[in-house]
Amino acid sequence: MRKLFSTMLIVVGLAIILFPFGRNLYGDYQQRLLLEDWDRVSLMLAEEALEIDDGDDEELINTQAEAERLKRREAEERERQAYIAENVEAVLIIEKINLRLPVLRGTSQKNLLISVASLENTIKAGEVGNYAIAGHRNYGWGRHFNRLDELGLGDVVSVEAKGCSYIYEVTEKLYVGPDEVWVLEANGQDAEITLITCHPINNPSQRLVVKGKLSHINYL
C-alpha cells in the first residue's frame, strides 16, 4: 500500500512538472497550424468581394415575375440565416464603425461572402493566444470590414460568446505584405485579437491588420 502511495506521488509530481511543458508544446503546435493557414486566407481576401444588391423590398410588385423573385429572395434569406445560426461561434461588435457581425467558424469563401470568419486553428475569444478573424473589404459602405481602417489605438473591439462579452483594446494598426505571417504570432501571455482584411480596396496589395489585447470581461 505504501509502495502504491509512493508511486502515485511520483506520478502526480511528474504531471505537475511536465504540464507547463506539454501546454507550451500544444500552444506551439496550434500556432504553427494557424500560421500555415495564412497564405490561403490572404489569397481569398485579395479576391474581389462581390457586392450583393439586396434590392428594395418595398418596391411595387405588379407582375408575377416580380412576385416570384421576391419569394426566392425571402427563401434565400431564410436559408442564409439558418446557415449563420448553425455556423456562428461569436458576435463581433465595434461600435465606433457601427459594426455588428456574426463570426463564422472557418475562413471558407462561402463564410467570407456572408460575414467575417475565424481562421482555422485559431484559439477562442478570451483565451490566451491570438484570436484571428478575417473579413473582406467590401465596396459597400460599412459592409464587413469596409471601415476597419477607421480604428485607432485605444479603440474598443468586443466579442460576445458563451454568455460573455470579451472587451479588447486596440494596440496596433498595421499595413503589411501578404507574406508577413508574424502578425498571427502570439506572445504566450496575453489574450489577443487580430482582425485582418485587404488594403487598399481597389488594389489589395497589402493587408490591413488591427490587433488588440483583452482588457476585461463582462458577463451577459
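## Terms and model

Two strands pair if DSSP finds at least two bridges between them. Strands (E, at least two residues) and helices (H or I, at least four) are DSSP runs, numbered from the N terminus.

This is a predicted model, in which local features need pLDDT of at least 70, side-chain atom pairs count only at pLDDT 80 or more, and totals for chains, interfaces and linings use all residues. Residues are numbered from 1 along each chain as its sequence is written, and side-chain values use heavy atoms, with hydrogens and water left out.

Strand β7 covers residues 191–199, and nine of its nine residues are buried (under 20% relative accessible area, with a 1.4 Å probe and protein chains only). A191, I193, L195, T197 and H199 point one way, while E192, T194, I196 and C198 point the other way. In a regular strand the side chains alternate between the two faces of the sheet.

On one pairing, β7 runs parallel to β4 (residues 129–134) over six bridges, and L195 in β7 stands opposite I133. β7 also pairs antiparallel with β8 (residues 206–219) through eight bridges; there, I193 has G212 as its bridge partner. Six residues lie between β7 and β8, which form a hairpin.

## The barrel

Eight strands close into a barrel with mixed pairing, in the order β1-β2-β3-β4-β7-β8-β6-β5. Within it, β6 (residues 164–176) and β8 run antiparallel, joined by 12 bridges. Y168 has L214 in β8 as its bridge partner.

## A charge over a ring

K110 lies over the face of Y83, 3.9 Å from the ring centre (the cut-offs are NZ of Lys or CZ of Arg within 6 Å of the ring centre and within 35 degrees of the ring normal).

Note on methods. Buried means under 20% relative accessible area, exposed over 50%, partly exposed in between (1.4 Å probe, protein chains only).
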